[in-house]
Amino acid sequence: MKTNIITYGCQMNEYDTHLVKSELVSLGAEFVDTWQEADFVLVNTCAVRGKPVEKVRSLLGELRKAKEKRPLLVGMMGCLAQLEEGQQMARKFEVDVLLGPGALTEISKAIESRHKFWDLSFREELTHHLPPAPQGALSAFVSIIRGCNHHCTYCIVPTTRGPEVSRHPDLILREIEQLKAAGVVEVTLLGQNVNSYGKDQPGFPSFAELLRRVGQMGLPRIKFTTSHPVNFTDDVIAAIAETPQVCRYIHLPVQSGSNRVLRRMGREYRREWYLDRIRAIREAMPDVVLSTDLIVGFPGETEEDFQETLSLYDEVGYDSAYMFIYSPRPGTPSYKHFQDLPREVKVERLQRLIEKQKDWSYRQNQRWVGQTVEVLVRGAAKDESYAEGHTPGNHPTLVPAAQAPRPGLYPVLVKQATPHMLFGEVVGAQELATLPLMMA
Ligand code: SAH
Ligand code: SF4
Ligand code: F3S
């Protein structure tokens, strides 16, 4: 069966796509690049903001039209599939297979049944599942915890992905072993709240302990995402600082700099706590790379509140940030109880925040100029005279293609930096993969 999977959303969805793909491979599926060539199209959906939902709606509309002209099996999985909003779409657009994020292990059954197959349960098998290592990849994700126990008032994720369930540490370590054997050099531990790891299962290690164990496995690069500030304890900071394999790169979503807004968002910390965590991180790792998520235009956010977000940005001086306009999501408390701000206000604030981000990213990226950093080169860039890769701090980096002919780890002397990229030259002829790690 010619199969095409289209993935929206976050890294958790990318990981799930890989999981489903490997199941489909064992059923003999052949993968094609576009849905137009496929007999089976599977859409892995996201519901976090209105935009990805609308993208799925228009894609499903097109797929339904295509179904009138030729036999086509259409599947929908992921977060939107779990919601009434997604199920209504599935009915309207005659989706054949619908799997919630907790039911992915049912994909083989769904395909074999070849007719309407819906499963929205949260299945335990998923936590015990061990997907095979992707072939030829240098970088891979490993899910360590699914779901979310927080109740941020704007967020649909706890509804779509259910409560937190940690995976058994042995399974995580086995998955990483397999990845290492397949040539992977960078692993990102994944979860909505990785630092809640272990709390739901008696006898499991804490996130800090898990980091230390993974650190001993001899992989050059370990990353993790996403962390919640409320659980970013001294213990976690010490584990990162003491484990050289863990990249000095921390993504710590703050969402807003105003305590009034944080309270209305249901975030369980305050500005002072967050800034204290940043202080502790910097004290332990002075050259750490920091990024965050920010929401602008949360209901009731005043100009003063927004100014506090800007001033928090200045106090931290982030290396980069993901910035979102608040998007009211049906089924969330803030959708129900709060009045959305006018779009112009939200857009204008986003623009000011983006200016702030560009300023800081430019300034922070300059600190690498003149330094040698380790770049994981993935392959040719859009402009094929360059190869592209990223540093341990996740900076996209370009080097002349001739200097990095194969994917791998290279020591790179940074020559130039923009707010978005580093440019450099490979120093020394050899790849770094087997050499001691150089941190950036
Ligand atoms: N669990 C992670 C992130 C989950 S979603 C965390 O808490 O950090 C990724 C990001 O999407 C969030 O950090 C938030 O900034 C953004 N987001 C979530 N819901 C949103 C909404 N309704 N509107 C705009 N942005 C939203
Ligand atoms: Fe959403 Fe908050 Fe959970 Fe993150 S911590 S997934 S923002 S509810
Ligand atoms: Fe989207 Fe679900 Fe991820 S809603 S951001 S795909 S957890």
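This is a predicted model: local features need pLDDT of at least 70, side-chain atom pairs count only at pLDDT 80 or more; totals for chains, interfaces and linings use all residues.
In the hairpin of β16 and β17, five residues lie between the strands, and one residue there, N394, takes a positive phi near 70 degrees. Residues are numbered from 1 along each chain as its sequence is written, chains are lettered from A and ligands numbered from 1 in the order in which they are written, and side-chain values use heavy atoms, with hydrogens and water left out. Helices (H or I, at least four residues) and strands (E, at least two) are DSSP runs numbered from the N terminus, and two strands pair if DSSP finds at least two bridges between them.

Strand β16 (residues 386-390) and strand β17 (residues 396-400) run antiparallel and are joined by five bridges, with H390 standing opposite P396 in β17.

The domain assignment gives domain 1 (2-119), domain 2 (139-365) and domain 3 (372-434), with bounds that come from an automatic or database domain assignment. The C-alpha centres of domain 2 and domain 3 lie 26 Å apart. The contact between the two domains (heavy atoms within 4.5 Å) takes 13 residues from domain 2 and 17 residues from domain 3.

An unreviewed UniProt entry places the feature "domain: MTTase N-terminal" at residues 1-116. Over this stretch the chain is 45% helix and 20% strand, and the end C-alpha atoms are 17 Å apart. The annotation "domain: Radical SAM core", also from an unreviewed UniProt entry, covers residues 134-363. There the chain is 42% helix and 16% strand, with 37 Å between the end C-alpha atoms.

One has three strands in the order β7-β10-β11, with parallel pairing. Strands β7 (139-143) and β11 (221-225) stand at the edges with a single partner strand each, so one side of each is left without a neighbour in the sheet. The twist averages 25 degrees from one strand to the next, where axes are lines fitted to C-alpha atoms, for helices over the stretch in contact, and angles run from 0 to 180 degrees between N-to-C directions. Strand β10 (residues 186-190) is joined to β11 by five bridges, and V187 has I222 of β11 as its bridge partner. Helix α8 (residues 207-215) lies across β10 and β11, running at about 155 degrees to β11.

The other sheet is likewise open, with three strands in the order β12-β13-β14 and parallel pairing. Its edge strands, β12 (249-251) and β14 (320-325), each pair on one side only. Neighbouring strands of this sheet are turned by 10 degrees against each other on average, direction ignored. Strand β13 (residues 289-296) and β14 pair over six bridges, with L294 opposite M323. Helix α12 (residues 303-316) lies across β13 and β14 and runs at about 175 degrees to β13.

Finally, two ligands can be located through the residues near them (a heavy atom within 4 Å). Ligand 3 is surrounded by residues including C10, C46, C79, V157, R161 and Q192. Its shell has six nonpolar, three polar and one charged residues; Ala, Val, Leu, Ile, Met, Phe, Trp, Tyr, Cys and Pro count as nonpolar, Asp, Glu, Lys and Arg as charged, and the others, Gly among them, as polar. At least three residues of this shell come from each of domain 1 and domain 2. Around ligand 2 stand C148, C152, C155, V157, Q192 and R267, among others. The shell around ligand 2 divides into six nonpolar, four polar and one charged.

Terms used: UniProt positions are given in the numbering used here, feature names are shortened, and annotations may be inferred rather than shown by experiment.
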